[in-house]
There are 2 protein chains.
Amino acid sequence: MFIACEASFEELYPEETLKLKMRGNDMGRKTLLKGIGEEALIKGLAAKFPSGHPRVIKGIGDDAAVIAEAGGKALLTTTDILIEGTHFRREYTDAYLLGRKALSISLSDIAAMGGIPLFFLTSIALPPDTEKGFLDGLYRGLSDVAFDFGALLIGGNTARSGKVMVATTVLGEASAEEVVYRGGAREGDDIYVTGATGVSALGLKILKGRGLGVLRKKTRAGRAALKHLDPTPRVEAGRALATGRLATAMMDISDGLALDLKRMCEESGTGAVIKVDRLPVADELRGGQATHGEILDLIVSGGEDYELLFTARGRDSGRIASLSRRLSLPMTAIGKVTEKSGGIRFVHDDGTELEIRRPGFEHF
Amino acid sequence: MFIACEASFEELYPEETLKLKMRGNDMGRKTLLKGIGEEALIKGLAAKFPSGHPRVIKGIGDDAAVIAEAGGKALLTTTDILIEGTHFRREYTDAYLLGRKALSISLSDIAAMGGIPLFFLTSIALPPDTEKGFLDGLYRGLSDVAFDFGALLIGGNTARSGKVMVATTVLGEASAEEVVYRGGAREGDDIYVTGATGVSALGLKILKGRGLGVLRKKTRAGRAALKHLDPTPRVEAGRALATGRLATAMMDISDGLALDLKRMCEESGTGAVIKVDRLPVADELRGGQATHGEILDLIVSGGEDYELLFTARGRDSGRIASLSRRLSLPMTAIGKVTEKSGGIRFVHDDGTELEIRRPGFEHF
């Protein structure tokens with residue numbers, strides 16, 4: 001409730017309440033975030049807030065929030081942030097590509113719900129000694145991706161900071177009944193992935209070693225680096241999978257196949273068996289110095305590919321194959337949804353199991 | 001348009017295009033952002049993007065974007081960010097109050113359009129050695145304000161960073177015909193301000209000198225510091241001014257009365273005369289060591305009060321007075337809208353003019 005100006009100090013802050021509430025900052029208990037895990041942090045945040053608003057079809061816990069609109073429509077919204085030193089380094093990114101990626105990763109979340117991107121907002125923080133050309137590049141990157149996917153900038157702000165930071169919030173739309181959630185996978189469904197995973201993680205390794213110059217040649221290394229710096233949100237594929245009622249569950253792969261599959265299975269209340277030898281291996285991963293084990297590790301645990309992970313009924317395999325051809329985008333069946341008690345297993349054709357040591361990227 | 005995976009590298013990046021686009025990062029021209037001004041930066045951003053989408057009633061350039069929804073409703077959305085070292089310092093803020101402020105400043109933008117806050121998303125970046133208690137405090141601050149104003153958390157993410165950063169995006173709603181814009185002021189309208197300005201800027205000065213401890217006593221200094229750390233978004237007032245069709249133009253005062261009034265006049269195509277001696281002087285500004293000139297400077301140019309600046313027809317003064325009493329929130333007539341050629345003038349009762357040297361806060 002609104003509390004009027006004159007009374008707010010006393011009403012809001014009886015001395016005891018204030019002391020209690022302020023303890024968060026300086027109390028003795030010293031649990032550090034790095035021991036907790038990002039998953040737990042987000043769940044902790046969600047738990048602090050009530051749920052069950054009549055218009056919220058899905059709040060926290062999927063790629064985007066889903067809000068009921070009039071006329072059977074659903075508003076989709078998601079927010080993301082790229083921070084210098086955490087998500088990128090200026091030595092091996094570029095203002096233009098940074099602008100592209102900042103918007104693409106949020107568009108990817110809209111794609112993963114089966115939605116159409118409509119609008120976006122952005123907050124940009126920059127050190128005051130940034131060159132104007134850097135900001136121009138950033139704008140150009142944002143606007144090129146916005147144009148490609150039909151998203152319109154409707155709000156933004158700029159602020160000074162020590163490090164470059166770009167936050168984006170995208171609003172999209174779909175019919176409420178078309179929206180595809182993480183929790184829709186059912187036992188017996190096939191599990192698919194678009195494109196191939198692991199390329200972005202390889203690209204990051206290459207960029208760390210060789211810097212941005214690697215982009216200037218259309219080698220495998222250059223393409224892998226570009227996949228890391230400029231992922232393509234699978235908007236058309238996500239939309240087609242939703243409107244065709246093909247995907248029973250869907251999400252984008254941002255933190256690695258294994259970790260994101262685990263999230264999908266948790267939401268769906270299922271297990272999964274992945275056929276390791278069916279996992280698509282991108283051309284970029286072949287022919288280098290990496291061992292078979294290293295390549296597999298990239299495919300299973302490498303993050304930031306922004307491909308779609310989805311499940312579908314067996315009877316729809318033909319329609320999915322035909323969609324894949326139409327979009328010139330591989331959609332590979334990589335396993336099956338199982339019952340929850342089966343857990344999540346990565347199995348070779350010879351029956352041996354792949355042990356996932358490092359399922360994917362978590363910030364804390 | 002969507003470009004399929006296999007073809008994207010060559011299609012998107014013919015060698016020449018790539019070179020051209022990447023120049024933003026390393027070209028010789030060295031215009032630094034700090035010489036440009038935040039206003040120009042935002043306008044530059046807006047200019048890079050097309051406008052005129054059929055559903056966008058107002059894009060960049062007001063407190064919040066306004067999107068047409070079915071049934072005559074308008075979706076309002078705004079984004080804000082608080083960055084350690086820029087917007088706050090840990091020495092003189094507190095996790096709980098930081099959480100409150102991060103949400104309040106975005107709610108203030110919804111209030112300034114006359115909307116009802118509904119949902120919000122938040123991105124939180126924290127150093128990995130942050131104590132869990134800090135995050136708990138932040139959550140509690142966000143959730144307390146969310147509860148007070150009926151906003152529901154629907155999305156968020158956490159990331160690691162060197163400095164604490166909290167970004168919020170709020171979604172609100174109003175009837176499309178109720179929404180109040182910055183550009184609606186007309187010659188002859190009265191200019192009003194809710195509450196009083198300058199207190200937050202004074203509070204910041206006090207916090208810099210005396211630290212957080214000043215909050216523990218209900219002195220003038222403590223209340224000023226709290227106004228800086230925990231501004232109250234004028235949601236109920238903004239809503240009442242909109243539904244009662246009282247405000248012809250409205251915005252929140254985030255960067256100082258003089259600068260924000262200038263923005264309102266630019267959008268409205270008007271000038272303004274402010275009666276300096278009618279400007280409300282908050283109790284917190286009285287009785288200290290500050291000179292009359294210093295106090296006036298705080299009132300006119302001090303930012304972050306998050307009070308509402310609005311204009312109204314003269315015939316509505318009685319209804320505004322009665323609304324002000326009902327909400328126990330002062331709404332003071334401080335001047336008149338004039339024609340554009342009159343410029344913006346701050347005039348004393350004796351006819352002398354106040355020169356505004358430093359109109360308000362800009363980041364760059």
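Just after helix H4 of chain A, A:Gly114 takes a positive phi of about 85°. Helices (H or I, at least four residues) and strands (E, at least two) are DSSP runs, numbered from the N terminus. The model is predicted: local features need pLDDT of at least 70, side-chain atom pairs count only at pLDDT 80 or more, and totals for chains, interfaces and linings use all residues. Residues are numbered from 1 along each chain as its sequence is written, while chains are lettered from A and ligands numbered from 1 in the order in which they are written.

**Helix H4 in chains A and B**

- H4(A) has 18 residues and reaches 26 Å from its first C-alpha to its last, close to the 26 Å expected at 1.5 Å a residue; the expected span is 1.5 Å times one less than the number of residues.
- Because 18 of the 18 residues of H4(A) are buried, this helix is largely enclosed by the rest of the structure.
- A residue is buried if 20 or more other C-beta atoms lie within 10 Å of its own, exposed if 12 or fewer, and partly exposed in between, with C-beta atoms placed from the backbone.
- In chain B, helix H4 covers residues 95–113; its 19 residues reach 28 Å from the first C-alpha to the last, close to the 27 Å expected at 1.5 Å a residue.
- H4(B) is likewise largely enclosed by the rest of the structure, because 19 of its 19 residues are buried.
- B:Gly114 follows H4(B) and has a positive phi, near 85°.

**Chain A as a whole**

- Chain A contains 11 helices and 13 strands.
- Of its 364 residues, 55% count as buried.
- Among contacts in chain A with a separation of 6 or more, 83% are between residues 24 or more positions apart; two residues are in contact if their C-beta atoms, placed from the backbone, lie within 7 Å.

**Domains of chain A**

- Chain A is divided into domain 1 (42–175) and domain 2 (182–354), with bounds that come from an automatic or database domain assignment.
- The centres of the two domains, taken over C-alpha atoms, are separated by 22 Å.
- At the boundary, 22 residues of domain 1 of chain A are in contact with 22 residues of domain 2 of chain A.
- On the side of domain 1 that touches domain 2, helix H4 (95–112) and strand S4 (116–126) of chain A each supply at least two residues.
- H4(A) gives the largest share of that side, 10 residues.
- The residues of that side of domain 1 divide into 10 nonpolar, five polar and seven charged. Here Ala, Val, Leu, Ile, Met, Phe, Trp, Tyr, Cys and Pro count as nonpolar, Asp, Glu, Lys and Arg as charged, and the others, Gly among them, as polar.

**Six-stranded sheet of chain A**

- Six strands of chain A form an open sheet with mixed pairing, in the order S1-S2-S3-S6-S4-S5; two strands pair if DSSP finds at least two bridges between them.
- Strand S1 (56–58) and strand S5 (152–160) of chain A are the edge strands, each pairing on one side only.
- Neighbouring strands of this sheet are turned by 20° against each other on average, direction ignored.
- S1(A) and strand S2 (residues 65–68) of chain A run antiparallel and are joined by two bridges.
- A:Lys58 has A:Val66 as its bridge partner in S2(A).

**Six-stranded sheet of chain B**

- Chain B has an open sheet of six strands in the order S1-S2-S3-S6-S4-S5, with mixed pairing.
- Strand S1 (56–58) and strand S5 (152–160) of chain B stand at the edges with a single partner strand each, so one side of each is left without a neighbour in the sheet.
- The twist from one strand to the next averages 20°.
- Strand S3 (residues 73–83) and strand S6 (residues 165–175) of chain B run antiparallel, joined by 11 bridges.
- B:Lys73 stands opposite B:Ser175 in S6(B).
- Helix H5 (residues 132–149) of chain B packs on the sheet and touches strand S4 (116–126), S5 and S6 of chain B; the direction of H5 makes about 170° with that of S4(B). Axes are lines fitted to C-alpha atoms, for helices over the stretch in contact, and angles run from 0 to 180 degrees between N-to-C directions.

**Strand S11 of chain B**

- Strand S7 (residues 190–194) and strand S11 (residues 331–339) of chain B run antiparallel, with five bridges between them.
- B:Tyr192 has B:Ala333 as its bridge partner in S11(B).
- Strand S9 (residues 270–275) of chain B also pairs with S11(B) in the antiparallel sense, over five bridges.
- B:Ile274 stands opposite B:Gly335 in S11(B).
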